[in-house]
Amino acid sequence: MRKKIVAGNWKMHKTLPEAIELVSELKNKLQNFQPACDVIIFPPFVNLESVSELLKDSPIHLGAQNMHFEESGAFTGEISADMLKSVGAEFVIIGHSERRHIFNEPDEWINEKVKRALKKGLKPILCIGEKLEEREEGLTEKVLRRQVIEGLKGISSEAIKNIVIAYEPVWAIGTGKTAAPQEADSAHAFVRAIITELYDSDVAQSLTIQYGGSVKPNNAKDLLSQPNIDGALVGGACLKADSFIEIIKSA
Ligand code: PGA
């Protein structure tokens, strides 16, 4: 049985006081029930240290939204895996579609980041997903296959146990359009089949594959009840404690 993961990607939202307010509210409200899933939040870099302090007596895990693939050096504006570890991050989102398409991150960088994160003991959430025009041209499977193969190049079957994959169709992110649950489930099954080809079926069956793209309290249950959907990577709906908690409850 794969344990579900519900993760909240805050993106470029929340100042430090706002972050403290949201995390305090989440902690308080989560005290009343034991989530059946793992919960991770991904605040902006500058909030990580304070949020980490706040989460010390909480079941919520902490992650960062990005990192650089080099160990350290002259990379103005960048953040290393060691820096993230030193402020309490356990997870890191890699290859989010906004990084791929707004900041033009190529598959090679994404693979380097996955490898560096694993080497440093951070658990990567590797994001994959097709753009609208790719879907319309019938290229979804081709794109997913490329992103999985390139993203996981050089990753052993032992190391992949520390990786989570998030399938996020780009046309569903921040648009209010979600993939139909069965449609998302078949994309997840396709990804699992590629993992079986690359590794074996045990690895594929134990891999957590989250869905992301306009997950909201009103669609979370349908998505999360699909056999191949092991959780949600939530953007917009994680910025308010109540809607994030509703999604956690659906899992
Ligand atoms: P969204 O974002 O829930 O706002 O669509 C999801 C994501 O980008 O991870």
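A salt bridge is a side-chain nitrogen of Lys or Arg within 4 Å of a carboxyl oxygen of Asp or Glu. Glu158 and Lys161 form such a bridge, with their closest N and O atoms 3.0 Å apart. The model shown here is predicted. Glu158 counts as exposed, at 53% relative accessibility. Lys161 is exposed as well, with a relative accessible area of 58%.

How many salt bridges does the structure hold? There are 21. Side chains of opposite charge can pair when their charged atoms come close. A few of these pairs are worth a visit.

Start with Asp57 and Lys27. Their side chains meet in a salt bridge, 3.1 Å from N to O. Asp57 sits in the loop between helix H2 (48-54) and strand S3 (61-64). Lys27 belongs to helix H1 (residues 16-30). The pair therefore ties together parts that are 30 residues apart in sequence. The cut-off for buried is under 20% relative accessible area.

Next comes Glu71 with Arg116. Their salt bridge has its closest N and O atoms 3.4 Å apart. Glu71 lies in the loop between S3 and helix H3 (81-86). Arg116 lies in helix H5 (residues 107-119). This pair ties together parts that are 45 residues apart in sequence. Glu71 is partly exposed, with a relative accessible area of 36%. Arg116 is buried, with a relative accessible area of 16%. Neither residue stands alone. Glu71 and Arg116 are linked with Asp82 and Lys120 in a network of salt bridges.

Now turn to the strands. Strand S6 covers residues 164-167. Which way do its residues point? Val164 and Ala166 point one way. Ile165 and Tyr167 point the other way. All of them are buried.

S6 has a partner in strand S5 (residues 123-128). S5 and S6 run parallel, and four bridges join them. Take Ile125 as an example: its bridge partner in S6 is Val164. S6 is also joined to strand S7 (residues 208-212). Here too there are four bridges, and S6 and S7 run parallel.

The last stop is the ligand. Around the ligand are 13 residues. Which of them come nearest? They are Lys11, His96, Glu168, Gly174 and Ser214. The shell divides into four nonpolar, seven polar and two charged residues.

How much of the ligand does the protein cover? On its own, the ligand has 280 Å² of accessible area, and the protein covers 97% of that.

Note on methods: Residues are numbered from 1 along each chain as its sequence is written. This is a predicted model: local features need pLDDT of at least 70, side-chain atom pairs count only at pLDDT 80 or more; totals for chains, interfaces and linings use all residues. Side-chain values use heavy atoms; hydrogens and water are left out. A residue is near a molecule or strand if one of its heavy atoms lies within 4 Å of it. Accessible areas come from the Shrake-Rupley method with a 1.4 Å probe; for residues, only the protein chains shown count as cover. Ala, Val, Leu, Ile, Met, Phe, Trp, Tyr, Cys and Pro count as nonpolar, Asp, Glu, Lys and Arg as charged, and the others, Gly among them, as polar. Helices (H or I, at least four residues) and strands (E, at least two) are DSSP runs, numbered from the N terminus. Buried means under 20% relative accessible area, exposed over 50%, partly exposed in between (1.4 Å probe, protein chains only). Two strands pair if DSSP finds at least two bridges between them.
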